[in-house]
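Open the model in your viewer and keep the selection tool at hand. We will go from stop to stop, and at each one you will read what to select and what is there.

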2 protein chains.
Amino acid sequence: MGIKYFVTGAAGFIGSHLVDSLLSEGREVVGFDNFSTGYEAFLESARQQPTFRLVRGDVSDPGALTQAMKGCQVVFHLAGNDNMRLGLSQPRFDLEQNTLGTFNVLEAMRATGAKTILFTSTGNVYGETPMTPTPEDCPLSPQTSLYAASKLASEALIEAYCAGFGIEGYIFRLVSVLGERYTHGHVMEFYRGLLQDDSKLKVLGDGHQRKSYLNVHDCVAAMHYILELETARQARNRVEIYNLGTTEYCEINDSIRWISGFLGLTPQLEYVGGPHGWIGDNPFLYLDVSKALKTGWKPDRNIQESIRQTVTWICDNEWVAEKNKC
Amino acid sequence: MGIKYFVTGAAGFIGSHLVDSLLSEGREVVGFDNFSTGYEAFLESARQQPTFRLVRGDVSDPGALTQAMKGCQVVFHLAGNDNMRLGLSQPRFDLEQNTLGTFNVLEAMRATGAKTILFTSTGNVYGETPMTPTPEDCPLSPQTSLYAASKLASEALIEAYCAGFGIEGYIFRLVSVLGERYTHGHVMEFYRGLLQDDSKLKVLGDGHQRKSYLNVHDCVAAMHYILELETARQARNRVEIYNLGTTEYCEINDSIRWISGFLGLTPQLEYVGGPHGWIGDNPFLYLDVSKALKTGWKPDRNIQESIRQTVTWICDNEWVAEKNKC
């Protein structure tokens, strides 16, 4: 019997691509999602595969998780809140969806005997570090959002479970991800803004925030690549952290120029706030991905291409923007 | 009206000394404790002071916390599990007592308007770092215990609340603490073992684990010192981490020799396990305390003196060991 994979957040942006990728290689996959931010449509192709099983459930429900995970060996834990800005209005949300959700996943692994976890964390755990590009062994600066704090707490739990319960863990610290099935983030916000009024655009921050964006296909390829490489070692108690991002960054202003260009618009820009777009926004997030590159993986799409792909996808799938035709 | 102080874990080892110290300076103090590991006897002197009020309550109860905290400006958050070894048998315990407890304290601060938090974390958050003595800005190695993971999660929450809600936070990463009112840890275990049979002693680990121990009076003095210095700046959103420990370390074998010597015993030693006493035990925990020393604070008692004081106190308060007379 082959290895069976369990994917939380299977109907989400990254999760659904990961599911497709695993299925395309003939793997057996159990997808788990509460459909709070995931979409049925993203699993349309997956659900036609006999090696795929979908379970509707929430990571806050330990019984449902344990039941669904039975017989799986490898767990990709992608479920959780990834809207950074919710923290200030709903401080409990990241704690429950991310920290406690990860705890429940780890407890389900203990109960079912699943031995490998791969987890999507965030490059925001580095805080506003002066060290850019930021390597994995960079000292952490203070957390600036409840979102990043909950991801760091999840990482810590995974590490402690690896040490204490003989599992192995791979933690991916991600930059923001772009591409097909993109559902929220700055591109969506700009797009929505321009749909409402294409003559002007409100920009949170001074436009000079520098960000590195990874294409979702490159992101999933990296997870796959690292899984194969790492699990070949069959190491128990092992935990490894990998930054995942591109080797370049752009300014928010670049991104706006590209988005507007693709849409054939020339909006007037209105900047609000200072160097930070909002509390918790990191003015310069750029990760050193040397460790991931050393595995042989490399990202194929640059940021401009990813932004074009994202805008094109939103235009073709306007139901995601819950707005009228562009 | 002067500043009112709130102390969680007020009836505990460090908490009760902190309460006494604040009261001795005429401060107004509300002590909060669930008496799960704290003792009434430790607050005997405090309860005779008119400026002290004791509230029985648990940090897992947000309503009780918020009610008790009303009118307080400065919160010392010391409550929580500090028995590192419980994690493997009760993985939920550290999460609930430490991570969720800290979240509840922070939410109570938001609700009541308390603006300053001082938190006792642990030097174990550094993991098994190769950098010793370990400075505050050392990159974190993987967490090896659910205890340390829960403290790191608490630190992250405090940092995010400082950034998001305008409070200020001071995080103390402690080595193990010794002195009067000591209730558990290696000295207590050795003492209990020798009470049962003074001809032999079982030692977890190879005896060469190197540890730095801080006297409880020095610990409380540091917290006081740093509070005064830092809050004079009246900085909002500020968060600072301070290592608290001594400038020396000893081997567990040294500690055994001193304890046996004070008790006039020469037990046969039986070492079990390898370099780690247990999963999560750090074979070399020694913190760089330069940052704390720069404030003008310095520890007055060396490790040998602290161990003697601890053994003497246990002998004089044998009810704590729940054993017969030594």
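Start in chain B by selecting strand β8 (residues 200-204) together with β13(B): the two pair in the parallel sense over five bridges. Two strands pair here if DSSP finds at least two bridges between them. Helices (H or I, at least four residues) and strands (E, at least two) are DSSP runs, numbered from the N terminus. Now pick Lys200(B), and opposite, in β13(B), you will find Gln268(B).

Stay with strand β13 (residues 268-272) of chain B. How many of its five residues are buried? The number is zero, so the strand lies largely in the open. Buried means that 20 or more other C-beta atoms lie within 10 Å of the residue's own, exposed means 12 or fewer, and partly exposed is in between, with C-beta atoms placed from the backbone.

A word on what you have loaded: this is a predicted model, in which local features need pLDDT of at least 70 and side-chain atom pairs count only at pLDDT 80 or more, while totals for chains, interfaces and linings use all residues. Residues are numbered from 1 along each chain as its sequence is written, and chains are lettered from A and ligands numbered from 1 in the order in which they are written.

Next, move to chain A and select Gly264(A), in the loop between α7 (252-263) and β13 (268-272). Gly264(A) counts as exposed because it has 7 C-beta neighbours inside 10 Å.

Where the chains meet, 28 residues of chain A are in contact with 28 residues of chain B, contact being C-beta atoms, placed from the backbone, within 7 Å. Select α3 (91-112) and α4 (146-165) of chain A, as each supplies at least two residues of the side that touches chain B. The largest share of that side, 10 residues, comes from α4(A).

For the last stop, colour chain A by its domain assignment: domain 1 (4-177 + 213-244) and domain 2 (179-211 + 248-285 + 300-321). These bounds come from an automatic or database domain assignment. The C-alpha centres of the two domains of chain A lie 26 Å apart.

Methods
Contact = placed C-beta atoms within 7 Å.
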